[in-house]
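Morning, everyone. I have one model to walk through today. Let me put it on the screen.

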Amino acid sequence: MSGRKHRGSENMENLCPVTRKRSTSKNGAAAAAASAALVSATKSANYEHPSSPSALTYEALEEMGIGMLDSEESSSSALSAIALAVSASATSDDNSNEMTPMSTNMPPMAHQLQQQQRLSLNSTADTTLDSSVSGNTTIVEDAQQRVLRQSAEKLQALAQAKRTALGSEGGSNSNSPSKRFRNPLTAVTCNNQSESAAALNFQPSTSRLAQVRQASKSAASPPPPPNRRLVPAAESFFVFRTPSMSAHINSGINYFDRLSDEILLGIFKWLPKKTLLRMAIVSRRFNRCSRDETLWTRLDLGLRTFRPGALEQIMRRGVQVVRLAQTTVQEPAFTPSAAAFKSRLQYLDLSMAAISKSSLRTLFSQCRQLKKVSLESTELDDDICAEISKNKSLEAVNLTMASGLTANSVRVMMESLTNLSSLNISWTDLSADAVTALVTNISPNVIRLNIAGCRRVLFDSHVATLQRRCPQLLELDLSDCNSLTPEAIPAIMKFKMLEYLSVSRCYLIPATRFIELKEMPSLTYLDIFGMLSDAAMEVLEKQMPKMGINKFIHSSVSRPTVGTRRTSIWGLRTRD
């Protein structure tokens, strides 16, 4: 039981710590001596009284309570603690016969009765004090009680201001704790005062630290957003302009009109194609300049779907290099008036494009300046081939896996395309007559030729005829020509400038005959896929150490794109 009382006294001592205030009067030394004697007397007793009036100076209360009120979360607990401290300090002790004004005619509280019982047990220790010490103690206590009254008055003013502030905060938020629970400050009274009396409440601290915190909190909180209109008013909208800029704007002069078309085209050439289309709707002059042919020389429209008439509009832009690989062209691609139009197209890639024969025929009927064209995996006929053959400047033609080629169409093209230097006509399901027309009428200027896939229609005699027709061949691909025999090797060895040869899967040619090819000084690469085992390949590599064997899986003859390059065709960029 004594331990519990001792812990209770410690709690009260922690709640209201004893602070010593230095006296400034002439009798300061005597008062200090009296206070020291009083403290030593009380320490010698078994009970240490925590409710001395000297414990409730204004500085102590400010340090203990107001500093704690800087945090909103601990405000209620701190205020309750200060209220208990005030009530404890207002209780009369055995060393003084005076009562505080707030305790007049008020019944004692429970903790005050306990303190009086504890003090009565130690009354014998208090009677041993000297009379002179009691007199000095009474003077000191009178001065401290005056300080206590002043502190109580200040606390009352602070409490009223704090109560007003908390009430205004609670009214602004419907979910505030003040509306859900009773304010804990209103339940704490001093010396059992009724609730009708002024309840304790506190104002925000006036310490420098609290002021700094309040200033930082006010700066961090954003101001309430104003009611902004979607369209700012003319008087609230401001644009900074120098006097020279304002003079230019207010003069009413269109400075773009002072620029020549050449300067505008020099600006427009750096714009993407989509931006050029938007510029065309700005003004009539911009529309005319944006349609200039110099701005539309290159286009990459691969993997797109063209609406009816879109292909004609592209051709009318004056495009010269266009990539239309894997595109889908909807009908009708051209209007009847497009027959008289002549395109400036020079490089055309229509590999694996979904386009009708009529649209393709109309397209090639407009083209007379083609230099390189790719029609891989497209459907052709004699009329389309006749239109292609009218491009006398054609240098490279890629017809890989194209369908619809006949002996007549092949003959017409080979006779007309005299400037042809590269031809890929592999896997086109040519007939024997078509192969004969090919090797008989091919241009002597051809240096790269791929006629792979001519199964059972390409013979040794065709190779001999080809050697006489095109003696300057640099690349020759005869892969999958199963009808070739060892008699074709002497004809191949007559190509004095041949650098690349592919005879893959020509199974009628024995492996021993390939060793004879090392006598060709110009031959650098030899592809014989599917012909030899690994052991025979090692022997052949030892016999031909300076020749690269099986280095290229796919042929690049006349193909517009090789490898991972998809932004250029035949080495020409198609994108901006």
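W427 is partly exposed, with a relative accessible area of 39%. Its place is the loop between β8 and α18. The backbone there deserves a look: W427 is not a glycine, yet it has a positive phi of about 55°. Most residues other than glycine have a negative phi. Bear in mind that this is a predicted model.

Now a second case. S558 also has a positive phi in a residue other than glycine, near 65°. Find S558 in the loop between β13 and β14, the latter being 568–569. Is S558 buried or exposed? S558 is buried, because its relative accessible area is 3%.

One more backbone point. The peptide bond from E331 to P332 is cis, with omega near -10°. Most peptide bonds are trans. P332 is found in the loop between β4 (328–329) and β5 (347–349).

Let me zoom out. The protein chain comes to 21 helices and 15 strands. Of its 576 residues, buried ones make up 40%. Take the contacts between residues at least 6 apart in sequence: 68% of them join residues at least 24 apart.

Next, the sheet. It is open, has 11 strands, and its pairing is parallel. The order reads β1-β3-β5-β6-β7-β8-β9-β10-β11-β12-β13. Which strands are at the edges? They are β1 (298–300) and β13 (548–549), and each pairs on one side only. Look at the β13 end. Strand β12, residues 525–527, runs parallel to β13 and is joined to it by two bridges. L526 stands opposite I549 in β13.

On to the core. The largest nonpolar core has 94 residues. Which of them touch the most other members? L348, L478 and I528 do. Nonpolar side chains tend to be buried together in soluble globular proteins. Stay with L348. Leaving aside neighbours within four places in sequence, L348 is in contact with V322, L324, L363, F364, L370, K372, V373, S374 and W570.

Now T378. T378 sits in the loop between β6 (372–374) and α16. With a relative accessible area of 5%, T378 is buried. What does T378 touch, not counting residues up to four places away in sequence? L350, M352, A353, A402 and S403.

Helix α16 covers residues 382–389, and helix α17 covers residues 407–416. Their axes come within 9 Å and cross at roughly 5°. That angle is under 35 degrees, so α16 and α17 are roughly parallel to each other. From α16, the contact takes in D382, C385, I388 and S389. They meet N408, S409, V412, M413 and S416 in α17. The residues of this contact divide into four nonpolar, four polar and one charged.

Last stop, helix α18, residues 432–441. Which of its residues are buried? A434, V435, A437, L438, V439 and N441. These buried residues pack against α17, β8 (422–424) and α19 (460–469).

Over to you for questions.

Key:
Residues numbered from 1 in each chain as written. Predicted model: local features only at pLDDT ≥ 70, side-chain atom pairs only at ≥ 80, totals over all residues. Heavy atoms only, no water. Axes fitted to C-alpha atoms, helices over the stretch in contact; angles between N-to-C directions. Helix = DSSP H or I, 4+ residues; strand = E, 2+ residues; numbered from the N terminus. Parallel < 35°, antiparallel > 145°, perpendicular 65-115°, else oblique. Contact = heavy atoms within 4.5 Å. Nonpolar A, V, L, I, M, F, W, Y, C, P; charged D, E, K, R; others polar. Pairing = 2+ DSSP bridges. Buried < 20%, exposed > 50% of the residue type's maximum accessible area, 1.4 Å probe, protein only. Core = buried A, V, L, I, M, F, W, Y, C linked by side-chain atoms within 4.5 Å.
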